[in-house]
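Me: Could you take me through one part of this model closely, namely the sheet and the helices around it? I'd like one connected walk-through, please.

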Amino acid sequence: SYRSLLNTGDFKGKEGEVAFFYPDNKEEERLLLLGLGKQVECKAENLRRAYASVVKACKKKKLTQLSFLLPVAGGVGPIVEGVLLTNYTFDQLKRDSLKEHPTVVIDKLYLIGVKEKEKPELDRIQTIVEATHFGKDLVNGNADEVTPQYLAEQAEYLAKTYAAIKTTVFDKKRIEKEKMGLLLAVNRGSFRDPSFILVEYKGNPLDKNVTALVGKGITYDTGGLNLKPTGSMETMKDDMAGAAVVLATIKAAAELKLKINLVGAIASTENSIDARSYKPGDVYISHAGKSVEISNTDAEGRLVLADAISYVQKHFSLARLIDIATLTGGIVVALGEEATGLFSNDDKLAEELEKAGQKTYERVWRMPLFPEYREALKSTIADIKNSADRKASGINGAIFLKEFIKDVPWAHLDIAGTAFISSPKHYQTTSATGVGIRLLIEFLTQVS
């Protein structure tokens with residue numbers, strides 16, 4: 001019995017510890033004990049991780065139905081969140097290995113002791129997690145399939161699905177007409193046309209103000225003529241993770257009927273190489289009219305973001321603007337895979353994002369934007385250079401974007417270290433994490 005496990009000391013109740021036992025003459029064939037550690041230390045994230053351990057253990061035994069007797073501590077929301085996040089699989093690209101080891105998912109979950117008043121929150125969590133999985137699928141997909149045109153199709157799908165969403169897609173000819181010279185420059189080496197995607201969600205039609213979410217949509221990044229070395233290119237299908245966050249966040253906002261107006265802007269292209277590739281040392285003119293000297297073609301994300309940021313400020317009345325991007329290797333050096341870099345010109349906006357990140361455990365860490373950093377981006381032949389040397393490279397990327405921000409509260413989230421982790425852990429079952437989606441929905445819920 002379970003008491004024998006406790007008496008022998010074989011089960012100590014440490015956080016995430018799992019033990020099966022098999023009672024005689026009971027309705028259930030097997031029971032499972034889950035350790036949650038000390039009750040005073042059992043917070044929301046501890047529950048997410050502990051129940052992730054349950055899902056993993058049950059999947060190994062090919063169990064597809066679970067019944068949980070809920071603990072006293074922590075609340076049911078994080079438990080469901082941990083289970084649903086861990087239940088994510090991406091097996092679309094498997095063949096023979098899938099025949100030998102079929103994917104196991106939990107298809108039924110019974111919660112014993114849930115109160116009626118808690119059900120709306122559980123439905124909300126399920127909606128957000130499903131949107132997170134939608135975003136993960138985009139990042140995990142092949143770069144040859146998740147192209148600028150595919151992202152546009154997904155945006156159009158959202159408009160067909162939700163009445164409150166309107167999608168507009170600019171093709172290359174329209175992008176040229178809008179004079180988005182930086183997006184066009186990055187696109188020069190690709191045989192695929194770029195896309196500029198606008199996804200508008202009107203959850204509060206009486207309010208003229210809009211929150212802009214701007215996502216980097218580089219569907220594959222070779223580095224351009226400043227070619228990435230072996231070891232640095234293999235994960236570059238993830239360079240559109242910011243775009244995936246924007247699409248998934250608006251999807252969740254529409255499903256939840258948040259009373260806020262959003263515009264998602266995605267500047268999307270491959271950063272590829274051929275005889276027409278844009279060149280280090282040359283100068284290109286941005287949508288905002290600023291001239292940019294290219295000092296590194298591998299600093300392409302900030303270029304496409306600059307054109308998108310400029311466009312939404314010109315055409316929408318913005319309450320705030322948040323861009324999200326796998327922007328710099330420098331932020332990975334600074335913060336690793338545990339925190340997203342946060343840069344902002346507005347203390348209140350930064351604090352609200354920090355608070356939302358603490359709640360969802362998608363933690364952000366604010367980095368400086370001291371004016372002295374601007375010196376490194378000075379150009380002798382243009383208004384600004386797109387990159388400097390390796391010192392403060394994450395900050396320099398944000399400083400470049402800040403040059404295109406007018407009088408609007410702005411935050412830049414650099415998810416280069418958190419969007420696509422080295423190996424799965426806790427409730428993250430693939431390298432793609434969907435980071436930023438739960439954080440932004442929490443933030444938007446609080447400000448709506």
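Reply: Happy to! The open sheet has 8 strands, ordered β5-β6-β8-β7-β11-β15-β12-β13, with mixed pairing. Strands here are DSSP E runs of at least two residues and helices are H or I runs of at least four, numbered from the N terminus; two strands pair if DSSP finds at least two bridges between them. This is a predicted model, where local features need pLDDT of at least 70, side-chain atom pairs count only at pLDDT 80 or more, and totals for chains, interfaces and linings use all residues. Residues are numbered from 1 along each chain as its sequence is written, and side-chain values use heavy atoms, leaving out hydrogens and water.

At the edges stand β5 (165–170) and β13 (364–366), each with a single partner strand, so one side of each has no neighbour in the sheet. Neighbouring strands are turned by 20° against each other on average, direction ignored. Angles otherwise run from 0 to 180 degrees between N-to-C directions, with axes fitted to C-alpha atoms, for helices over the stretch in contact.

Within the sheet, β7 (residues 210–221) and β8 (residues 261–271) pair in the parallel sense over 10 bridges. Leu 213 stands opposite Gly 264 in β8.

Now for the helix on this sheet: α10 (residues 301–315) lies across β5, β6 (195–202), β7, β8 and β11 (318–325), where contact means heavy atoms within 4.5 Å. Helix α10 runs at about 155° to β7.

Another helix pair to look at is α6 (residues 148–161) and α9 (residues 241–256), which pack at about 10° with axes 10 Å apart. They are therefore roughly parallel to each other, a label for angles under 35 degrees. Their contact includes Leu 151 of α6 and Leu 247 of α9.

Terms used:
Angles under 35 degrees count as roughly parallel, over 145 as roughly antiparallel, 65 to 115 as roughly perpendicular and the rest as oblique.
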